[in-house]
Amino acid sequence: MTWSDRLKELGIELPGVAAPLAAYVPAVQSGKHVYTSGQLPFVDGVLAATGKVGAEISPEEAKGHARTSALNALAAVDALVGIDNVARIVKVVGFVASAEGFTGQPAVVNGASELLGEVFGDAGIHARSAVGVAELPIGSPVEVELIVEVQ
């Protein structure tokens with residue numbers, strides 16, 4: 001079964017690639033690795049939410065936004081090399097715009113990690129960082145980037 005078949009089986013359709021907000025590209029390939037730029041939770045070209053997690057955004061909502069951000073990162077990978085050329089997910093970096101005192105960043109970034117496990121199984125097991133930050137671009141609650149090994 002290909003990764004495209006697996007996405008269909010799960011009822012997941014990759015979105016279009018989000019337009020960059022500044023002077024960068026959504027993803028680049030270097031050797032056998034694809035590095036995505038940080039992806040925000042855009043849905044149909046609109047940021048799904050703004051605010052800080054632990055204040056305006058609940059941790060559970062933010063987990064969903066991390067999942068959406070990971071889907072956007074996969075869309076960038078697909079547009080560059082084709083999703084079926086993914087050999088494994090190497091690393092996930094998740095940034096969480098955090099209210100003062102909020103320390104649940106790992107649970108939020110699980111939204112991205114769990115999606116990758118659903119889609120890629122053992123090839124989706126990855127290293128990860130979950131980082132709390134004061135602010136993210138355009139008020140986004142989360143941002144996710146991937147490092148992916150390709151065939």
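These entries go from the pocket to the patch and then to a pair of alanines.

Entry 1, basis. I am working on a predicted model, where local features need pLDDT of at least 70, side-chain atom pairs count only at pLDDT 80 or more, and totals for chains, interfaces and linings use all residues. I number residues from 1 along each chain as its sequence is written, and side-chain values use heavy atoms, with hydrogens and water left out.

I looked up the largest pocket and found a volume of about 190 Å³. Its lining has 13 residues, and Pro15, Phe42, Val43, Asp44 and Asn72 are the closest to the centre. A pocket here is an open set of points on a 1 Å grid over the protein atoms alone, where a 1.4 Å probe fits, with protein on both sides within 12 Å along at least five of seven lines; lining residues have an atom within 4 Å of a point. β3 (42-43) and α2 (59-81) are the elements that give two or more residues to this lining. α2 gives the most, three residues.

I noted a nonpolar surface patch of about 280 Å², made by Leu21, Tyr24 and Ile138. Ile138 sits in the loop between β6 (127-133) and β7 (142-150). Its relative accessible area is 49%, so I put Ile138 down as partly exposed (buried is under 20%, exposed over 50%, partly exposed in between, with a 1.4 Å probe and protein chains only).

I found Ala27 in strand β1 (residues 27-30). Ala27 counts as buried because its relative accessibility is 10%. Ala27 and Ala73 are 46 residues apart in sequence, and their C-alpha atoms are 8.3 Å apart in space.

Terms used. Grid points are joined across faces, edges and corners, and a volume is the space filled by probe spheres set on the points. Helices (H or I, at least four residues) and strands (E, at least two) are DSSP runs, numbered from the N terminus. Patches are made of residues with over 30% relative accessible area and no salt bridge: like charges are joined within 9 Å, nonpolar side chains (Val, Leu, Ile, Met, Phe, Trp, Tyr) within 5 Å. Accessible areas come from the Shrake-Rupley method with a 1.4 Å probe; for residues, only the protein chains shown count as cover. A salt bridge is a side-chain nitrogen of Lys or Arg within 4 Å of a carboxyl oxygen of Asp or Glu.
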